Amino acid sequence: MTSSLIRVYLPATMPALAELRDKGAAWLPDGILAHAVTPGLREWYAEGDEEELEYVAFTHAAQEALVLLQRDPAAPRRRVVISADLPAAEAPSASRELGESGVRLAGEVPLSAIAAIHVDTEEAEADVRQAAAVVHIAALGDADAQFTVDGAEDHELAWYDPSELDQLLDGS
């Protein structure tokens, strides 16, 4: 019996993309979740279609990328989200809370499972820099910090095919 595949969004940084290229797999640091359309997200957004639910999960991963940038001050100030197709059993929900999209990955994600790579453009760097500096404060409910994080979210991430990984990294 084969397991159905789900789209999973991994928050990342440019140095994580370099590791993906060098090692052929991606993984998440401790305390960082991937995101997907979970039962809790589906139930919370009952009126949303599949595309809207995927966008919510993707946005949550982009927000989590800000946390990774805060942890790595040397990383270029660009959010990165890696989209991968994994067996559902390898990405169980991290929470049963309504509206939650977090999933815990069973292990590393091979390059062959990656469907796309999404990266902020150069124009977003100033807003992303400011958002990464206050993302932890925004998570505590600070409205001003959340406004700054929302400013980074106004930037759409550019889409890259996994085959473009070398060009993406060489051009950064």
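Because the model is predicted, local features need pLDDT of at least 70 and side-chain atom pairs count only at pLDDT 80 or more, while totals for chains, interfaces and linings use all residues.

**Stop 1: the sheet**

Switch to a cartoon view and pick out the open sheet of 6 strands, whose order is 5-3-1-4-7-8 with antiparallel pairing. Strands (E, at least two residues) and helices (H or I, at least four) are DSSP runs, numbered from the N terminus; two strands pair if DSSP finds at least two bridges between them. At the edges you will find strand 5 (102-103) and strand 8, each pairing on one side only. Contact here means heavy atoms within 4.5 Å.

**Stop 2: strand 1 and its neighbours**

Select strand 1 next. Strand 1 pairs with strand 4 in the antiparallel sense over 8 bridges, and the bridge partner of Y9 in strand 4 is S83. Strand 1 also runs antiparallel to strand 3, joined by 2 bridges; there, V8 has A36 as its bridge partner.

(Rings of Phe, Tyr and Trp, the last by its six-membered ring, pair if their centres lie within 6.5 Å; planes under 30 degrees apart count as stacked, over 60 as edge-to-face and the rest as tilted.) Y9 belongs to strand 1 and F58 to helix 3, so the pair ties together parts that are 49 residues apart in sequence. Both Y9 and F58 are buried, where buried means under 20% relative accessible area, exposed over 50% and partly exposed in between, with a 1.4 Å probe and protein chains only.

**Stop 3: strand 7**

Move to strand 7 (residues 114-119). Of its 6 residues, 5 are buried, so strand 7 is largely enclosed by the rest of the structure. Strand 4 (residues 80-87) pairs with strand 7 in the antiparallel sense over 5 bridges: look for I82 with its partner I117, and S83 opposite A116. Strand 8 (residues 158-160) is joined to strand 7 by 3 bridges, also antiparallel, with H118 opposite W159.

**Stop 4: helix 4**

Select residues 125-139, the 15 residues of helix 4. A kink of about 50° is centred on A133; the bend at a residue is the angle between axes fitted to the seven residues ending there and the seven starting there. Colour V128, A131, A132, V135 and A138, the buried residues of helix 4. Those residues pack against helix 3 (50-71) and helix 5 (143-153). After the helix comes G141, with a positive phi near 105°.

**Stop 5: a loop proline**

Finish at P76, in the loop between helix 3 and strand 4. P76 is partly exposed, with a relative accessible area of 33%. Beyond its neighbours within four places in sequence, P76 is in contact with M14, P15 and L69.

Methods. Residues numbered from 1 in each chain as written. Heavy atoms only, no water. Expected span 1.5 Å × (residues − 1).
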